[in-house]
Amino acid sequence: MEDIVVTGYGLKIPGAKNKQEFHHILEAGICTHSILKGKGRNEGDIIAGLIDDEFETFGNRNYRRYPRSTRLAVAAARDAVDMSGLSANPRRIGVIIGTSAGAILEVEAYAPVASGLKGYPVHGVSIVDSHTISSTVSEHIGAKGPAYTLTTGCTASLDAVSLGKLLLKTGQVDACLVGGTDAPLGQWSINGFLKMKAIQSASSITDAGVPFSDQHDGFVLAEGAAMLILERREDALKKGRPIHGSIGKVVSRNEGKPMLQVDETGKEMLSVLQAVVGDATPTYVNSQALGLKVNDRIESKNHHRMFKGKVPITSIKGMTGHSFAAMGAIQTISSILSMEYGFIPPTIKTRQKGFESLPLVRETVYQPVSSVSITTHGISGNNACMLISK
């Protein structure tokens, strides 16, 4: 069967709008978190990952009426297409994008006037339709092939990779843009996670979103988008495309748990990791760990079960925050940069209290990187993992 490779990528995340900026953040271990004023409990502050651009215009097109998550997706997709030099029959280019919060910002903004016909926006139906994301990106890049929007929570961008790989292997498309986007920094999302005690009000930047630590609790909510161009290796080589990474096995499974519950034993996540890695030994694991104690303990427990302390593990969430459905694609791009430049990015902020036996990378390690195992899981009960190789 043909290999599926990455020929281009693009991202818009806190502190980084291109490859060079993201590479610098990862290698230097820079925290990009900010203080979001007045959005926390009792109008206090929270720590969040913010992007300082509206992305309202591209060329002669104005996208001001489009949801922010869609605009982020378009911006990241443009960069991915430019990097790959994508050229194919438009009907043979697929677009698959994941989102979790969709257009929650815009729904909040229009909710006070939406009950009356006069105040209801003419584009209101498109705003609440999450598929606006993938259909808009398809139109923007000139793709007329299959277009899907996945709403599988924080695993959605790895789920998009899995589906894109399937379309390529079965010959339904010749190229596929896959990824994820989310702009969740509205009061609905913030209040929800405050209620669940998954984020904290008035935390300092150094104490929020600390992976693998019993001294801290809660993650950093962030916005972001990341996109990948997938093609068959044979086609990429014929067309002289750059090859940035080879997509190995991708597996996604649901835990079958009630809403807001997770499999705390970690066995379901372990089954996914075992199915992906098999007998291979990745150079390191790019972990989902984001500062939620239950999730981080599952990651740590399964790492010991799977690799017995012999494979390094790291999490980039202390640098980037957690961008929901975009995160798997962001972790994939960070792994590609790691392979290209020969380093393992550090897990910053943590003192590793309670996780002392974990082979955690806390300072940048310079070494050849041949493959990376990526883990993601989310509140929807999905677990997804992928192996990417140089």
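Student: Where does E255 lie?

Tutor: In this predicted model, E255 lies in the loop between β11 (residues 245–254) and α9 (residues 267–277).

Student: Is E255 buried or exposed, and which side chain of opposite charge is nearest?

Tutor: A salt bridge requires the charged atoms to lie within 4 Å of each other. E255 is buried but forms no salt bridge; K257, the nearest side chain of opposite charge, is 6.7 Å away.

Student: What lies around E255?

Tutor: A polar atom of the E255 side chain is 2.9 Å from the backbone nitrogen of D263. Beyond its neighbours within four places in sequence, E255 is in contact with Q261, V262, D263, E268, G381 and N383.

Student: Which residues of helix α7 are buried?

Tutor: In α7, which spans residues 187–195, the buried residues are S189, I190, F193 and L194. They lie on the same side of α7 because they cover an arc of only 130° around the axis. These buried residues pack against β2 (34–36), β3 (46–49), α3 (104–110) and β9 (221–222).

Student: Which exposed residues are on the face turned away from the buried side of α7?

Tutor: That face carries W188 and K195.

Student: What is the phi of E43?

Tutor: E43, which is not a glycine, also has a positive phi of about 60°. E43 is in the loop between β2 and β3, and is exposed with a relative accessible area of 67%.

Definitions and conventions:
Residues numbered from 1 in each chain as written. Predicted model: local features only at pLDDT ≥ 70, side-chain atom pairs only at ≥ 80, totals over all residues. Heavy atoms only, no water. Buried < 20%, exposed > 50% of the residue type's maximum accessible area, 1.4 Å probe, protein only. Helix = DSSP H or I, 4+ residues; strand = E, 2+ residues; numbered from the N terminus. Arc of directions from axis to C-beta. Contact = heavy atoms within 4.5 Å. Lys, Arg positive; Asp, Glu negative; His and termini not counted. Polar contact = N/O pair within 3.5 Å; in protein donor to acceptor, adjacent residues only side chain to side chain.
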